[in-house]
There are 2 protein chains.
Amino acid sequence: MKENLHIFYAPDAAENATVYLSDEEAAHCCKVLRLATGDNIAIADGRCTVYNAVITVCSKNTCAAQTTSIISDIYRRNYFNHVAIAPTKNIDRFEWFVEKAVEFGVDTITPLLCDHSERKILKTDRLEKIALSAFKQSGNAVVTTINPLTPFADVIKSVSDETKLIAHCEEGEKTFFSNAILPHSRSITLIGPEGDFSDKEISLALSSGFRPVSLGNTRLRTETAGVAVCAFLAALNN
Amino acid sequence: MKENLHIFYAPDAAENATVYLSDEEAAHCCKVLRLATGDNIAIADGRCTVYNAVITVCSKNTCAAQTTSIISDIYRRNYFNHVAIAPTKNIDRFEWFVEKAVEFGVDTITPLLCDHSERKILKTDRLEKIALSAFKQSGNAVVTTINPLTPFADVIKSVSDETKLIAHCEEGEKTFFSNAILPHSRSITLIGPEGDFSDKEISLALSSGFRPVSLGNTRLRTETAGVAVCAFLAALNN
């Protein structure tokens, strides 16, 4: 896809159709970027398809575009990466994680509520904005889903047949992350809070089929561990 | 090394010797962490050795410790990672890169002055503080060297027999980073500014033996590209 083509997000976009951008996207298009009627843009539906489009209306309140062809050379991930991670005490670090995880590629982020969580409340609207902006910047084909803050046990219950990994900091035999997962697979990786998972949480995960993994030889902060998972998977599936 | 052992940096540390911490490290030890005489700490010389030590003086102005044994299970990188990267316009993004690069493992960071650089002045003292703090947190054995802002051509001239890689965004055949480098090797990777390298800079690098590499299928911001190099090398050398 042309590096210089501005991407906008419209979940209801279709081929050869008129698409109306949301107020936020319209403001970004017409006010911030000062694009105008007749300009070419790209419109992503966030579900794997990106369209070439031409702006037909670009007013103070409305931005409409006519989609033409589907952009074929957009990258589509050949793996599914779900990161379930305890939000950091410092929200800036978690917001940074969300941006970088999306840049490297992540399908679902589930903020975890753990026994040792210092952060027990989390607003996701700002995180979704950050994820959407990173989605558009990074040229990913799929918008990252950000789930609400979910208790650890509920996440453990929710998993099915994907590769299940837990990156806890306790001693013990661990496989390096990239050696514990096959390319092109679906995975969920659990990352704990600053105080790590509790022994109870670790036992529950292990008894539920989660495999303990190492993310390397250095001590990574929580948000860095989350990014490591996304970077390692990007390399593994390149 | 015990997760809970506080690490302090003293470049002149030796075995079975009295070590005086710098004012900054002393303040962190005695005032911030409230450690006291008799407490066990770890002292890193930043050149690969970390010592067990016991605090002997912990006053308002002075902190001294007696080193005993060498801590053997400290991780020592089996590769040399030099990242030469153009600082971002937004300094927060570059400071974030420094912290995360150190967590994943980087030996030398050389801020690059490029044709398209928006940032032409860079203070490195704050970056060195961030690198030192991340060094202590991450349990690395070697302190990262942060060079002053250096013109692109000077960096190209300075390289010798390491693996030379350039991650430019221009079209063309590129090997994926992790396939362009052998484990346990010395490498330098060039990362350009937001506006990418100029054609002149790319030609100079290629004619000087730098190999163009891809950092993946998504578009990464400058600071994320820098972290990608450090994360991919950590995985490759794990």
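A residue counts as buried when its relative accessible area is under 20%. The model discussed here is predicted. In it, A:C30 is buried. A:C58 is buried as well.

These two cysteines are bonded to each other. A disulfide joins A:C30 to A:C58, with an S to S distance of 2.2 Å. A:C30 sits in helix α1 (residues 23-32) of chain A, and A:C58 in strand β4 (residues 50-58) of chain A, so the bond ties together parts that are 28 residues apart in sequence. The torsion about the S-S bond of A:C30 and A:C58 is about -120 degrees, so this disulfide is left-handed.

## The chain B disulfide

Across all chains, the whole structure holds two disulfides. One of them lies in chain B, where B:C30 and B:C58 are linked with their sulfur atoms 2.2 Å apart. Helix α1 (residues 23-32) of chain B carries B:C30 and strand β4 (residues 50-58) of chain B carries B:C58, so the pair ties together parts that are 28 residues apart in sequence. About the S-S bond of B:C30 and B:C58 the torsion is about -120 degrees, which makes the disulfide left-handed.

Burial in this pair follows from the cut-offs. B:C30 has 13% relative accessibility and therefore counts as buried. B:C58 has 21% relative accessibility, so it counts as partly exposed. The limit for buried is under 20%.

A:C48 takes part in no disulfide. Its nearest cysteine sulfur belongs to A:C230 and is 17 Å away. With 23% relative accessibility, A:C48 counts as partly exposed.

A:C169 is in no disulfide either. Here the nearest cysteine sulfur is that of A:C114, 12 Å away. A:C169 has 48% relative accessibility and so counts as partly exposed. Exposed would require over 50%.

## Helix α6 against helix α6

Helix α6 (residues 222-236) of chain A packs on helix α6 (residues 222-236) of chain B. Their axes are 9 Å apart and meet at an angle of about 70 degrees. α6(A) and α6(B) are therefore roughly perpendicular to each other, since angles of 65 to 115 degrees count as such.

Which residues make the contact? From α6(A) come A:A231, A:F232 and A:A235. From α6(B) come B:A231, B:F232 and B:A235. By class, the residues of the contact of α6(A) with α6(B) are six nonpolar, with no polar and no charged residues.

Terms used:
Residues are numbered from 1 along each chain as its sequence is written. Chains are lettered from A and ligands numbered from 1 in the order in which they are written. This is a predicted model: local features need pLDDT of at least 70, side-chain atom pairs count only at pLDDT 80 or more; totals for chains, interfaces and linings use all residues. Side-chain values use heavy atoms; hydrogens and water are left out. A disulfide is a pair of cysteine sulfur atoms within 2.5 Å. Helices (H or I, at least four residues) and strands (E, at least two) are DSSP runs, numbered from the N terminus. Buried means under 20% relative accessible area, exposed over 50%, partly exposed in between (1.4 Å probe, protein chains only). Axes are lines fitted to C-alpha atoms, for helices over the stretch in contact, and angles run from 0 to 180 degrees between N-to-C directions. Angles under 35 degrees count as roughly parallel, over 145 as roughly antiparallel, 65 to 115 as roughly perpendicular and the rest as oblique. Contact means heavy atoms within 4.5 Å. Ala, Val, Leu, Ile, Met, Phe, Trp, Tyr, Cys and Pro count as nonpolar, Asp, Glu, Lys and Arg as charged, and the others, Gly among them, as polar.
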